[in-house]
4 protein chains.
Amino acid sequence: MATGIWLIGARGSVAVTGLVGAAALRAGLAEPLGCVTELPELRSPALPALADLVFGGHDVADTPLVKKAESLVAAGVLPAGITAALGDELAAAERELRPVPVAGTQADTARLIAADIEDFRRRHDLERVVVVNVASTEPAVAPHPGHTDPASLAEALASTDTVLPASSLNAYAAFTAGCPFVDFTPSTGTRLPALAELALQAGVPYAGNDGKTGETLVKSVLAPMFAMRHLRVRTWSGTNLLGGGDGATLADPAANAAKTASKQRVLSETLGYRPEGTSLIQYVDDIGDFKTAWDLITFSGFLGTTMRMDFTWHGCDSALAAPLVLDLARLTAAAHAAGRSGPLTELAFFFKDPLGDVPHALHEQWAALTGFVRGLSDV
Amino acid sequence: MATGIWLIGARGSVAVTGLVGAAALRAGLAEPLGCVTELPELRSPALPALADLVFGGHDVADTPLVKKAESLVAAGVLPAGITAALGDELAAAERELRPVPVAGTQADTARLIAADIEDFRRRHDLERVVVVNVASTEPAVAPHPGHTDPASLAEALASTDTVLPASSLNAYAAFTAGCPFVDFTPSTGTRLPALAELALQAGVPYAGNDGKTGETLVKSVLAPMFAMRHLRVRTWSGTNLLGGGDGATLADPAANAAKTASKQRVLSETLGYRPEGTSLIQYVDDIGDFKTAWDLITFSGFLGTTMRMDFTWHGCDSALAAPLVLDLARLTAAAHAAGRSGPLTELAFFFKDPLGDVPHALHEQWAALTGFVRGLSDV
Amino acid sequence: MATGIWLIGARGSVAVTGLVGAAALRAGLAEPLGCVTELPELRSPALPALADLVFGGHDVADTPLVKKAESLVAAGVLPAGITAALGDELAAAERELRPVPVAGTQADTARLIAADIEDFRRRHDLERVVVVNVASTEPAVAPHPGHTDPASLAEALASTDTVLPASSLNAYAAFTAGCPFVDFTPSTGTRLPALAELALQAGVPYAGNDGKTGETLVKSVLAPMFAMRHLRVRTWSGTNLLGGGDGATLADPAANAAKTASKQRVLSETLGYRPEGTSLIQYVDDIGDFKTAWDLITFSGFLGTTMRMDFTWHGCDSALAAPLVLDLARLTAAAHAAGRSGPLTELAFFFKDPLGDVPHALHEQWAALTGFVRGLSDV
Amino acid sequence: MATGIWLIGARGSVAVTGLVGAAALRAGLAEPLGCVTELPELRSPALPALADLVFGGHDVADTPLVKKAESLVAAGVLPAGITAALGDELAAAERELRPVPVAGTQADTARLIAADIEDFRRRHDLERVVVVNVASTEPAVAPHPGHTDPASLAEALASTDTVLPASSLNAYAAFTAGCPFVDFTPSTGTRLPALAELALQAGVPYAGNDGKTGETLVKSVLAPMFAMRHLRVRTWSGTNLLGGGDGATLADPAANAAKTASKQRVLSETLGYRPEGTSLIQYVDDIGDFKTAWDLITFSGFLGTTMRMDFTWHGCDSALAAPLVLDLARLTAAAHAAGRSGPLTELAFFFKDPLGDVPHALHEQWAALTGFVRGLSDV
């Protein structure tokens, strides 16, 4: 039986890269580079096969999938000729996308979202559907009494208030539909007490937040290196130049603040102290999906000698994110199948701002991940 | 009781930085930054205290210690004012240094080396002496029948042949004097069958080779990062600009070849394949002890998208190496005390070209090292 | 006869580096590196000799010169041992520094400033005094009717209003004292109609604004390179990490905005269009006076092929600025001697935001500068 | 009337990019980015129009033009779809390419080369043909008595000796056919006394050597910047990572040595002294036509303070070189029309190793170039 991936932001760069890529892998047109669940250490019969993933989703935009895919080809994210080679698959995927429902109350909207997901599941006779948020980053949410517990939340959603941001409303809808949820963005998502409790009540697992695809990934190996060598990091300053949709959103200082905070968290968590410096985001439209980050690190060694390193990272965010979305959907589906509910803290490997009190050094996250997959296989 | 460190190349930058630094730490003038055995995870009563280390050694040069230390102050390796603050300690250390002995046969030379070490031990009533090679890098050694086993070696050394390069002759002398040996250079050192067997016969442990202080250290965390994320490294090319004594030696293509080969080994060992590219060394006298390395890495991700990162490392080689020399002496001394003999493969964390068939990913080497120290404490 | 330099911000890093450096050059302790008026192309009998410069000035701080100089030695800006070698000179200079005068109206304050300058001139029998602003950057000034012309200004200053920011009040005082004025900062300085006219009335020249010492200097040669090769610059984004007093001031968004605007001006002026991107300033206290800037440039060539370059600049701001302060004082003094009044647009070579409608390409500014010096010599 | 460009190495990356690009410009498919003769400062009726250039040439390879062009599309050098859009033009160009002639003596070979060029001229009724060498770099030539003067050369070529390397034999053939010659490579080309004299006898101009497209271009603006600011460059070290045909050739140490020497010449010529350091070339096949160069510069300023900058240049060599080939052909043709013969030293702007005793600072070369074009228009 197949597994569904329901994408929030299904016509965005990450979603379309993932969807096209999964079809290309199924068609044998590419190797599964970037998919960590295809590494020997993580391959497991407990995970749904890549070939058994079916895609659907919501988006506020209505750009046809093929058109978006062609723009990704032009930008160098997808290889030339891929839209022609996968014409049928893209047409089929197009039929599974729906506009974002709108209703009078958020409770009604959530019911419509859940209904779309359930239709999708029924249409394809899916074993389960994992809902994955890859929509644009939201500003931080304003506190609301409905955030406290499931009962208050249900009551508040029935009012005309805007209680939940979109990411959380989608998590709510997923949970009420019995679906696992993955938040690949820095948005609020499941991070409200009411939703955490709801997931446990519904018996569904969730994962997040904020996919770790570039500068923070590098930090999560360099910072432990300095720690293991007893070198004191004095300053760590970063600049991220990025364009595309995500860049424009993050140019909004409110969204930006959340993101840059989560980008430095890895330092204090792995070093045990907070070096001076911040990580900035500069929106440069022309740079598009190929982000360039530059980080300067100054550090002290023996007898206080000051030294420095810097790095630039020139990565394609969508090409780095999309295979992780496939990984997360497979892992979360398998966790659900194994009876797990609540936060999947073992998936910290994938996230800048992971759930739970977990290690931030990449190798420790890797150990947790491989243990998690072994645990699934043992079931 | 105190532990001795007998330095081969005792008037060189690394040795003098280590010796001055140890005195500064003992005098409370600095924190033990760069000393990994002072990290909470590695502190152990099984290790001799930093304050209980006594230094002696051989050198072909006769530059007074104080003068060398002052040149290191001028170069920014040692802090201003340190030679004045540690005048007595440096004078005491000066008295423990000896010229390199010369005799008719290598057997005789080895006996004189061993005698100097034994005098040092007796003079200070040392529990044991660890011999550490921090002399200049040698060219690769020519094969000789005496390298095969201890008996052939003893016989060959008694002839007028140059059987062993200096690094190996010092290891031989150390072993015959019952001393553990650490090779911090890429020279041959213990890496001959005859010496490996001799160490076992003598019941002494040894460690090496080639201290991992800069570019290779960074590689040993970045290469595993690419591997864990299933990103295919296409090319990895490096340039190392360095001056000072080591730089001049390495400008010799013969020495250079050995070093650059060991610098790329970490890639094939951690990635499972050998990406294109080499790591070059350029001698630039004016750059002195502050090495600058630049590495460019190109890699493929999802659907073959090509991406890149580069880094520059601006590190003070002596300041990075010296605390590791102290660490290695303490760890090797403790291993000897615990009855270990032969290669200490658990110390791969410290080396570019570690002994044995061991992991090259830094975090795996760290795990081996912490296990090793825990094992010592359990004795 | 000697020439005076009256420094606004006389106890700051740039001023003290300049003052100590001039003494060191006079004592033959260093070569005049960084002093462009000591290049063969610019040496001229029309300029006052380096040895004939006498320093005085105002500062709100009261840190003793020697103490400040020692902190600059510790930071690596000044060479070790220099304060001891120049003890008498520093003591003499200390006696010429005055606290910033305070009075009831800005007119009264200006009179006190002018009186201090005139005392200084008389005390040393100086031919002339050039007033140079090297104080911290101010926020942009609020418009005031007194800014329009000298008469309105005189009237306004006699009121209790704060009519002029400190940089402009100092320019006013300089002009009324018959002294040339140089603004090395991005502050308002002479850039008000009333002051421009006053300088003409007083028959004194002035120069500014904002010394070009690092990232912008590099831009002023790279941007013309792209233009001469008909390569279209698509994006030019910069990050400046700096500490020290200037960094703290510039962390204030108001001051920062003025500075970052002037940093991009060179691009539109030399390229003929404005590429996307901005230049940011990040305050990192620990980085101190050694600023690190990183710039990424993307550009299109033949048939639209996109390419990129990036650079890092690791420069000591005070060591780069101080010799230019000496140059500017000498050049401005010579211009005054030659009868010039008003803006010295030929000195654009030294400034990020030069006065007048002048070229921004460094080589064109160089041509203007060499022509200016030749003109002085011909007088 | 049209002007011919006869390309030596006509099926190589630079030639094909130039040929395809010229067709694309003629068809209005692209702007003339990278073509300096299309800048307002250099546009001149004295130059043949871009639309009036006709291409022919020799190559030892027989890869069809279209196939080569498609490989350049795949490599990102040419835009997608260009080969389809320019099918007829490429077919026409294909008909003008000839295999490299082979004969018993070099004199005979030269006659066959000249005959091919003359046929080309006649076929298209061309006003003149400029011969441009864009073939692979040759090793340095061995001295031969025939290099001294035209008479000795003619005699030597009639023997069975290999007197001239290919680049010089082509120059010889061009001169005997009355054609101007441009050497865009570091090969010997016209740099033999016999050929210099022959060009004067034949009344034809020539230009060279070694197109300046990347790292050296940047050096030619940065080095003057340091000079103008009286900053002493201590070390300048570079690494060039490149693949493609040129990279493979340059991996040959003999060719490499010539190239790296010419790459540092700009430093001594513009600084007045030779800083320490070299510029290396590393062949990395996978990097292809997009070269990455990294340069580290250390320099001293006021009171000896040491500072540093580094840059990386990620440029497409063919996309940078091809428009310059068009420029050079147009400029050289116009010079010929204006009656110039011998070395065109005013074209130093285009070359790493320019002919004559000329300035190496880019802005001085620019001034010479604009003067040259103005001179042509005045005729």
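Q: Which strand of chain D is joined to β10(C) by bridges, and do the two run parallel or antiparallel?

A: In this predicted model, β10(C) is joined to strand β10 (residues 306–316) of chain D by seven bridges, and the two strands run antiparallel. One bridge pairs C:Phe311 with D:Phe311 of β10(D).

Q: How many residues does each chain bring to the contact?

A: Chain C gives 61 residues and chain D gives 61 residues.

Q: What is the area buried between chain C and chain D?

A: The size of an interface is often stated as the accessible area that is lost when the parts come together. Here about 4,900 Å² is buried between chain C and chain D, with 71% of that area coming from carbon and sulfur atoms. On the side of chain C, the residues that lose the most area to chain D are C:Arg229, C:Phe302 and C:Leu303, together 20% of what that side buries.

Q: How many salt bridges and polar contacts are there between chain C and chain D?

A: The count of salt bridges is two. In one of them, the side chain of D:Arg232 meets that of C:Glu31, at 2.9 Å from N to O.

Q: Which elements of chain C supply at least two residues each to the side that touches chain D?

A: They are the helices α1 (13–26), α9 (215–228), α12 (317–337) and α13 (362–378), with the strands β9 (290–300) and β10 (306–316). The element that gives the most is β10(C), with eleven residues. Sorted by class, this side of chain C holds 40 nonpolar, 14 polar and seven charged residues.

Q: Where do the closest C-alpha atoms lie for chain B and chain C, and for chain A and chain D?

A: For chain B and chain C they lie 9 Å apart, and no contact joins these chains. Chain A and chain D also have no contact, and their closest C-alpha atoms lie 9 Å apart.

Key: Residues are numbered from 1 along each chain as its sequence is written. Chains are lettered from A and ligands numbered from 1 in the order in which they are written. This is a predicted model: local features need pLDDT of at least 70, side-chain atom pairs count only at pLDDT 80 or more; totals for chains, interfaces and linings use all residues. Side-chain values use heavy atoms; hydrogens and water are left out. Contact means heavy atoms within 4.5 Å. Buried area is the accessible area (1.4 Å probe) that two parts lose on being put together, summed over both. A salt bridge is a side-chain nitrogen of Lys or Arg within 4 Å of a carboxyl oxygen of Asp or Glu. Helices (H or I, at least four residues) and strands (E, at least two) are DSSP runs, numbered from the N terminus. Ala, Val, Leu, Ile, Met, Phe, Trp, Tyr, Cys and Pro count as nonpolar, Asp, Glu, Lys and Arg as charged, and the others, Gly among them, as polar. Two strands pair if DSSP finds at least two bridges between them.
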